[in-house]
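Please look over the structure shown here. The questions and answers that follow take up a few of its residues, its sheet and its helices.

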Amino acid sequence: MQRYNILWADDEIDLLKPHILFLEQRGYDITPVNNGADAVELSEARHFDVVFLDEHMPGMSGLEALTQIKNHKPNLPVVMITKNEAEQIMEEAIGAKIADYLIKPLNPSQILLSVKKILDNKRLVMEKTSQNYQQEFQKISLAFSNDPDHEEWADIYKKLVQWELRMEESDNEGMGEVLEMQKVEANLNFCKFVRRNYEKWLNDPAVAKPLLSHQLFKKKVFPELGKGGSTFVFVIDNLRLDQWKVLAPILEEYYNIDSEETYYSILPTTTAYARNAIFSGLMPDEMQRIHPDLWIGEDEDEGKNNFEHEFLERQLKKNNIQSKFSYHKIKQLEEGRALADSINNLFTNELNVIVYNFVDMLSHARTDMAMVRELAPDEAAYRSITKSWFLHSALWDMLRTVAEKKGRVIITTDHGTVRVKRPFKIVGDRNVNSNLRYKQGKNLGYESGKVLEAPKPERFHLPKSNVSTAYVFALEDQFFAYPNNYNYYVNFYKDTFQHGGVSMEEMIIPIAFLSPKNA
């Protein structure tokens, strides 16, 4: 067992001998000194895992010693010990980033708890997390093998994300690998569930079904209008549930998170289909039929999401909503900064919709830029990049302004992404689309039975370019690869984040409702 070194400075150190013996009997090595100057000198000369500092010592005070220790060893944990409960003393110590604050008279258990909290916290959290996950493992496995419905699948995915984040915090690689295997098995079963039920959701009115992309605004956004003030809807594209979970604690500084829900993206899980469905309130075949002037097909070179504003305007009109609204799409850093600078002008609108494309650009860039691939080799790193970007983004500036101005906020996305690992061979002509997770075209050649097939696109409410058009969707962590240049293709795209197919990460996605804390 590792032994830790503790430096303890107190002008009455001799009176603390019982406490020192108590810690030594439990495996801690204590170096006692009776003044602040010696504590500073020793902390510079030797390695200590933690320092106990009495606040009130003759000569150099504890606060003065704390400042000097932090100047040369800013990451050394320091526990301030004092008889003085004055708020100013506490604030000064906390402002200097102390690890803990103890009030005399001390008792042994109080000291031991502080030491364990600082020095053994990671180990204890890891052990407890492992123990709790082992108890939960069987429950989760039983849940996804007992034919869960769409709500139960959302709950299963939420639990897996929760455990993934907890494993990451505890840095438990061993149990993390077990969890990863359970996620793979869960996705296998989820894809079977979608294959059995997706067509029924779209075509059978009597079947219980999840909220889908084309219903999102009508069911979740429009009911928020008419409550007074402005509602801001931020659609952060490609935002997975786990990425939302790492952003939520940041937002809680300014917002109450009134509700965290999930809904299901339609197929294909791409901006051209899922996000257009959100703004139009229609399935893709309906968009093509009802709004031929706005729908851009797979065989056309024009951008597929250039008419979201028009789709939203027509959806509002269809639902007899007269609210004044604005729509903004942020694709570049400069656009985000410009909108953040002018966001005060939007509070005259009852509804403001802001599409933020950064996460999509990041996930796509990851396949093209060696540097980004190095920065995001796995889900944990991908979450970390998302968090770092958010903290320094114009989006965060906007959200803080909206909170200060007492605006309501809805945060959601159009679909998620999945890290692809297994290539799946497919053959198609040059008119087949380039997406790695779904293919649309005629005369597609592939091994049947191992993908989700839509030979009749109308059953999936998808448009057809011609009579023989079919769609094929990759499952779990598959990605489509052509036989030509197969090895190069596989090496280039393996372990990249893609979307368009069927997986929990792509289809089960977040929508959160926030109210400002100062409201």
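Q: Which residues does Gly62 touch, not counting residues up to four places away in sequence?
A: Contact means heavy atoms within 4.5 Å. This is a predicted model, in which local features need pLDDT of at least 70, side-chain atom pairs count only at pLDDT 80 or more, and totals for chains, interfaces and linings use all residues. Residues are numbered from 1 along each chain as its sequence is written, and side-chain values use heavy atoms, with hydrogens and water left out. With neighbours up to four places away set aside, the residues that Gly62 touches are Leu53, Asp54, Glu55, Met57 and Met80.

Q: Is Gly62 buried or exposed?
A: Gly62 lies in helix α3, residues 62-72; helices are DSSP runs of H or I with at least four residues, strands are runs of E with at least two, and both are numbered from the N terminus. Buried means under 20% relative accessible area, exposed over 50%, and partly exposed in between, with a 1.4 Å probe and protein chains only. The relative accessibility of Gly62 is 0%, so Gly62 counts as buried.

Q: Where is His291 found?
A: His291 has a relative accessible area of 11% and is therefore buried. Leu282, Glu286, Phe311 and Arg314 are touched by His291, not counting residues up to four places away in sequence. His291 is found in the loop between α12 (284-290) and α13 (308-318).

Q: Which strands stand at the edges of the sheet?
A: Two strands pair if DSSP finds at least two bridges between them. Five strands form an open sheet with parallel pairing, in the order β2-β1-β3-β4-β5. The edge strands each have a single partner strand, so one side of each is left without a neighbour in the sheet; they are β2 (28-33) and β5 (100-103).

Q: How do α2 and α3 run relative to each other, roughly parallel or roughly antiparallel?
A: Axes are lines fitted to C-alpha atoms, for helices over the stretch in contact, and angles run from 0 to 180 degrees between N-to-C directions. The axes of α2 (residues 36-45) and α3 come within 9 Å and cross at roughly 10°. Angles under 35 degrees count as roughly parallel, over 145 as roughly antiparallel, 65 to 115 as roughly perpendicular and the rest as oblique. That makes α2 and α3 roughly parallel.
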